[in-house]
Amino acid sequence: MPTYRLSTDVNAPPERVFELWIDVDRWPEWIGGLTKVTDRTGQVDQKGTRYISWFGSMKSPSEVLEAERPRVIRTRFGSALLKGETEARFEPEAGGTRIVQTFRTQGVIPAIAGWIFSKGSWKGSFKGELETFRKIAERG
């Protein structure tokens, strides 16, 4: 499974950063191409919760595999383009929070897409989304 790991430091406490991370209504602000989230079975900070993320007409069913407030959230996701797991860890760091995000892709097409999304910091890339999130979290 190809693995991509990235991190950023956020000038905000872990509790606030985690709360923003799980705020489904705000995801389209920083997740490139996300148009809506439907069919949620519970809160996204609870193991076993399922939901569908929509990128235009393409859907990506997801399930929360692990959640521990305000430290970690791990999710399985899958669409024809990108499939695998993502984990976000929120670590206290010098009065703020270090986010360490890991993507693991499954399959040939998702491996290629993951490689593309891992390059650079353009809007919609893994790093671009994480940096957009950081800016939003620091604004409060």
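Predicted model: local features only at pLDDT ≥ 70, side-chain atom pairs only at ≥ 80, totals over all residues.
Biologist: Where does serine 79 sit, and which residues is serine 79 in contact with?

Modeller: Elements first. Helices (H or I, at least four residues) and strands (E, at least two) are DSSP runs, numbered from the N terminus. Serine 79 is in the loop between β5 and β6. Contact means heavy atoms within 4.5 Å. Leave aside the neighbours within four places in sequence, and serine 79 touches Met58, Lys59 and Ser60.

Biologist: How do I read the sheet, and what is the order of its strands?

Modeller: Look for pairs. Two strands pair if DSSP finds at least two bridges between them. Here 7 strands make an open sheet, in the order β1-β7-β6-β5-β4-β3-β2, with antiparallel pairing. β1 (3–10) and β2 (36–38) are the edge strands, each pairing on one side only. From one strand to the next, the twist averages 25°.

Biologist: How many bridges join β5 and β6, and how many join β6 to β7?

Modeller: β5 and β6 pair over 7 bridges, in the antiparallel sense. They form a hairpin with 4 residues between them. In that pairing, arginine 76 faces glutamate 85 of β6. For β6 (residues 83–93) and β7 (residues 96–105), the count is 10 bridges, again antiparallel. This is also a hairpin, with 2 residues between the strands, and alanine 94 in the turn has a positive phi of about 45°.

Biologist: Which strands do helices α1 and α3 lie across?

Modeller: Read the angle from the axes. These are lines fitted to C-alpha atoms, for helices over the stretch in contact, and angles run from 0 to 180 degrees between N-to-C directions. Helix α1 (residues 14–21) lies across β1, β4 (58–68), β5 (72–78), β6 and β7, at about 40° to β7. Helix α3 (residues 126–139) lies across β1 and β7, at about 20° to β1.

Biologist: Now charges. How many salt bridges are found in the whole structure?

Modeller: The test is distance: a side-chain nitrogen of Lys or Arg within 4 Å of a carboxyl oxygen of Asp or Glu. The search finds 12. One of them joins arginine 98 to aspartate 9, with the closest N and O atoms 2.7 Å apart. Arginine 98 lies in β7 and aspartate 9 in β1, so the pair ties together parts 89 residues apart in sequence. Arginine 98, at 28% relative accessibility, is partly exposed. Aspartate 9, at 38%, is partly exposed too.

Biologist: Which residue forms a salt bridge with arginine 76?

Modeller: Glutamate 63, with the closest N and O atoms 3.2 Å apart. The pair links distant parts of the chain: arginine 76 is in β5 and glutamate 63 in β4, 13 residues apart. Arginine 76 is partly exposed at 36%, whereas glutamate 63 is buried at 16%. Glutamate 29 and arginine 26 also pair, with the closest N and O atoms 2.7 Å apart. Glutamate 29 is partly exposed at 40%, and arginine 26 is partly exposed at 24%. Elsewhere, Lys127, Glu131, Arg134 and Glu138 are linked in a network of salt bridges.

Biologist: Last feature. Which residues make the nonpolar surface patch?

Modeller: Patches use residues with over 30% relative accessible area and no salt bridge; like charges are joined within 9 Å, nonpolar side chains (Val, Leu, Ile, Met, Phe, Trp, Tyr) within 5 Å. Areas come from the Shrake-Rupley method with a 1.4 Å probe; for residues, only the protein chains shown count as cover. Leu81, Val108, Ile109, Ile112, Trp115 and Ile116 make a patch of about 600 Å². Leucine 81 lies in the loop between β5 and β6. Leucine 81 is partly exposed, with a relative accessible area of 36%.

Conventions
Residues numbered from 1 in each chain as written. Heavy atoms only, no water. Buried < 20%, exposed > 50% of the residue type's maximum accessible area, 1.4 Å probe, protein only.
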